[in-house]
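I opened my notebook for a quick look at this one. Here is the model, and after it come my entries.

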Amino acid sequence: MVKVWDFPLRACHWALAFFVLLAWFTPSRFDSLHRFAGYTVMVLIAFRIGWGIFGTRFSRFHAIGRRLRAAPAYLYKLLRGRSGRYRGLNPAGTAMMVALLLLLAVSTITGWMSTTVRFFGVPWVEDTHGYVSDAVIVLVVIHVLGVLAMCVLQKENLIRAMITGWKRRHR
Amino acid sequence: MKALIKVSAVLAVSLFASAPAFADGFKNCTKLDKASWKPASEAEAKAKEAGYEVRRSKVEGSCYEVYGVKEGKLYELFYSPEDLSLKKTIAKN
């Protein structure tokens, strides 16, 4: 076995999962809880970006450009049931991470803007917040599906890996 | 793979189906048929009369929801499309 995901990364991942879902279920009616969840998500993505620069090997963004360029070909092969194994994030996972971080940034910023006098009730702000937040949930579902598919293809429990941090070695 | 598709379908449907139930605190203003509703512009006009700077209005359930700002505070005003009576005022901050 080999240690891949460090503790701050794992904590950040599960906290994001929790607070994104909390925010999804609390708009309008549970306003203060929704805001708290949104601001927490903001802090978590800021931390994740910082950790992508200063964190440990598999948390860092150093291979991001290369893996993003490899993502289309990787996904094409994946849909045919062939997966190359990566110890850290594979190219599809990298694309998902980038997409989620970007959309969450847009979602939280437009959400915060809606609480200011300047942007409250401004249609494009509220509508962007709504559509981008829907898109986040669509991506979350695809993310979970993708992880489950990789579990099957690579015969490895990736959910446990994100809890314990350990993955098996390359053959 | 079939199991995966089922899991994701259930996940997606349950996430999206459960959210609208939470969508808004207030949405029952009238039982009147939509065809005989008064125009939304009249609800906006009422909010303006009451001193709000109107940002937008939209239909929320059977209500007109008007977004207004008054003295630097944010409000959601719910009007009945039947008689334009103010049903609820929610202060947002």
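My opening question: against which elements of chain A do the buried residues of α4(A) pack? I found that they pack against α2 (31-54), α3 (64-78) and α5 (123-154) of chain A.

Before going further, I noted that this is a predicted model, where local features need pLDDT of at least 70, side-chain atom pairs count only at pLDDT 80 or more, and totals for chains, interfaces and linings use all residues. Residues are numbered from 1 along each chain as its sequence is written, while chains are lettered from A and ligands numbered from 1 in the order in which they are written.

**Entry: helix α4 of chain A**

I looked up α4 (residues 91-113), which has 23 residues and spans 33 Å from its first C-alpha to its last, close to the 33 Å expected at 1.5 Å a residue. The expected span is 1.5 Å times one less than the number of residues. Buried residues of α4(A) include Pro91(A), Ala92(A), Leu100(A), Leu104(A) and Gly111(A). I call a residue buried if 20 or more other C-beta atoms, placed from the backbone, lie within 10 Å of its own.

**Entry: chain A overall**

I listed six helices and two strands in chain A, in the order β-α-α-α-α-α-α-β from the N terminus. Both are DSSP runs: helices are H or I with at least four residues, strands are E with at least two. Of the 171 residues of chain A, 24% are buried.

**Entry: chain B overall**

Chain B has two helices and four strands, following the pattern α-α-β-β-β-β. Its radius of gyration is 18 Å, whereas a compact globule of 93 residues would have one near 12 Å. The C-alpha atoms of chain B fill a box of roughly 60 × 35 × 15 Å along the principal axes.

**Entry: where the chains touch**

How values were computed: A residue is buried if 20 or more other C-beta atoms lie within 10 Å of its own, exposed if 12 or fewer, and partly exposed in between; C-beta atoms are placed from the backbone. Two residues are in contact if their C-beta atoms, placed from the backbone, lie within 7 Å. The radius of gyration is taken over C-alpha atoms; the globule rule is 2.2 Å times the number of residues to the power 0.38.
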